[in-house]
Amino acid sequence: MSASRAPFLAAFRPAANPSVVQSQGRADSARAHVIVFGNEKGGSGKSTAAMHIAVALLRDGARVGTIDVDARQGTFTRYIENRRAWAAAKGLGTPLPEHRPIPPSTMTTRPEAEADEKARLDAAFADLLPVCDYIIADTPGSDTFLSRHAHTYADTLVTPLNDSFVDLDLLARVDPETLKVVRPSIYAETVWKQRQLRAMSGGKPVDWLVMRNRLSALAARNKRDMGAVLESLARRIGYRLAAGLSERVIYRELFLKGLTLLDLREEKTGIAMTMSHVAARQEVRDLLSALNLPSRLAPEQQAEAQETVYTP
Ligand SMILES: Nc1ncnc2c1ncn2[C@@H]1O[C@H](COP(=O)(O)OP(=O)(O)OP(=O)(O)O)[C@@H](O)[C@H]1O
Ligand SMILES: [Mg+2]
């Protein structure tokens with residue numbers, strides 16, 4: 001189903017109520033559900049997780065829009081370009097998202113640059129909101145105007161976090177002796193401000209998930225301590241904790257082909273499925289379930305997706 005749907009902009013589906021589409025920060029079934037991947041810490045796995053969730057949704061038959069808010073680095077865009085090139089080269093019906101990269105402005109003054117960036121990001125959302133089931137936005141590992149503006153669109157915000165107190169430092173200051181949370185830190189404050197902006201504009205509260213990434217298979221003390229601190233921080237700053245992804249080479253290997261673990265069975269990749277791949281694919285499925293996204297599929301499409309795609 002998914003392959004035959006793309007590109008779906010040709011079959012433009014008007015929203016039931018155009019004013020809802022215009023209104024940033026409102027979630028309802030007439031418009032796409034927006035999932036933003038954000039963390040001001042670089043290299044935490046935002047682009048990798050964003051691509052895996054985008055493909056998981058595409059493979060479920062959903063219409064997916066993707067927005068690269070980190071187009072200067074362009075990892076998300078390149079991942080999708082690689083996917084398109086691989087599909088074309090192999091003659092495969094690999095499902096693709098409707099993609100919009102948003103490069104930083106080249107305007108010289110800051111007000112001009114911000115107005116330009118806001119206009120282009122708003123236009124991308126306005127384009128995709130009425131015709132997609134889900135929009136996935138990947139943001140940079142730094143605090144930029146574009147990133148902050150993208151955060152205000154989030155219905156669901158996903159923050160991947162490497163299993164390290166260095167990464168946790170952007171969420172909270174932690175007492176080294178007691179491991180008690182001393183105070184929320186810079187990224188938690190950014191999210192707090194975006195939540196306030198969204199509440200003021202009448203939007204539904206954002207569902208914030210922190211997902212642990214690159215978890216080691218070993219039961220090390222650091223892993224246990226991180227788990228305990230993240231649990232207590234969740235209550236304090238208001239996120240849900242998702243199990244996340246293990247450290248696995250396969251999450252890096254598939255980038256050049258633009259594939260994810262969820263494509264392996266169907267795309268004749270030449271990559272033999274191992275038990276580790278099956279376990280990794282289950283992690284991605286578990287992450288998708290933890291997001292608890294509103295369903296945008298008709299019941300018969302849900303049944304079709306369940307029957308045909310994910311049996312290991
Ligand atoms: N679970 C994982 N196992 C192994 N490698 C991983 C995993 N997740 C991410 N990586 C690798 O870690 C690196 C950083 O990941 P990624 O580019 O997704 O992070 P990012 O948060 O988007 O970074 P940036 O802030 O620079 O945009 C990449 O080399 C990626 O392949
Ligand atoms: Mg990235």
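Which element contributes the largest share of the shell around ligand 1? The legends below begin with that view; the model is predicted.

**View 1. The shell around ligand 1.** The answer is α3, with 3 residues of the shell. In total, 19 residues surround the ligand. K46, S47, T48, G141 and R252 are the closest of them. Two elements each give two or more residues to this shell: α3, which covers residues 46-59, and α10, which covers residues 250-253. Sorted by type, the shell residues comprise 10 polar, 6 charged and 3 nonpolar ones.

View 2. β5 pairs with β1 (residues 33-37) in the parallel sense, over 3 bridges. In this pairing, F37 has V158 of β5 as its bridge partner. β5 also pairs with β8 (residues 207-213), again in the parallel sense, over 7 bridges. Here the bridge partner of L157 is W208 in β8.

**View 3. Helix α4 and its two sides.** α4 runs over residues 75-90 and has 16 residues. From the first C-alpha to the last, the helix reaches 22 Å, close to the 22 Å expected at 1.5 Å a residue. Its buried residues are F76, T77, Y79, I80, R83 and A87. They cover an arc of only 165° around the axis, which puts them on the same side of α4. What do these buried residues pack against? They pack against α3, β2 (64-68), β3 (98-101) and β4 (134-138). The face turned away from the buried side carries A88 and A89, which are exposed. After the helix comes G91, with a positive phi near 65°.

**View 4. L179, a residue with positive phi in a loop.** L179 is not a glycine, yet its phi is positive, at about 60°. The residue is found in the loop between β6 (172-174) and β7 (181-184). Is L179 exposed, partly exposed or buried? Inside 10 Å it has 13 C-beta neighbours, so L179 counts as partly exposed.

**View 5. N292, in the loop between α11 and α12.** α11 covers residues 275-291 and α12 covers residues 299-308, and N292 has its place in the loop between them. N292 also has a positive phi, of about 55°, although it is not a glycine. Within 10 Å of N292 there are 11 other C-beta atoms, so this residue is exposed.

View 6. S105 is found in the loop between β3 and α5, the latter covering residues 110-128. With 19 other C-beta atoms within 10 Å, S105 is partly exposed, because a buried residue needs 20 or more. Which residues does S105 contact, leaving aside its neighbours within four places in sequence? They are A113, D116 and E117. The C-alpha atoms of S105 and A115 are separated by 9.1 Å, and the two residues lie 10 residues apart along the chain.

Note on methods:
Residues are numbered from 1 along each chain as its sequence is written. Chains are lettered from A and ligands numbered from 1 in the order in which they are written. This is a predicted model: local features need pLDDT of at least 70, side-chain atom pairs count only at pLDDT 80 or more; totals for chains, interfaces and linings use all residues. A residue is near a molecule or strand if its C-beta atom, placed from the backbone, lies within 6 Å of it. Helices (H or I, at least four residues) and strands (E, at least two) are DSSP runs, numbered from the N terminus. Ala, Val, Leu, Ile, Met, Phe, Trp, Tyr, Cys and Pro count as nonpolar, Asp, Glu, Lys and Arg as charged, and the others, Gly among them, as polar. Two strands pair if DSSP finds at least two bridges between them. The expected span of a helix is 1.5 Å times one less than its number of residues. A residue is buried if 20 or more other C-beta atoms lie within 10 Å of its own, exposed if 12 or fewer, and partly exposed in between; C-beta atoms are placed from the backbone. The arc is that of the directions from the helix axis to the C-beta atoms. Two residues are in contact if their C-beta atoms, placed from the backbone, lie within 7 Å.
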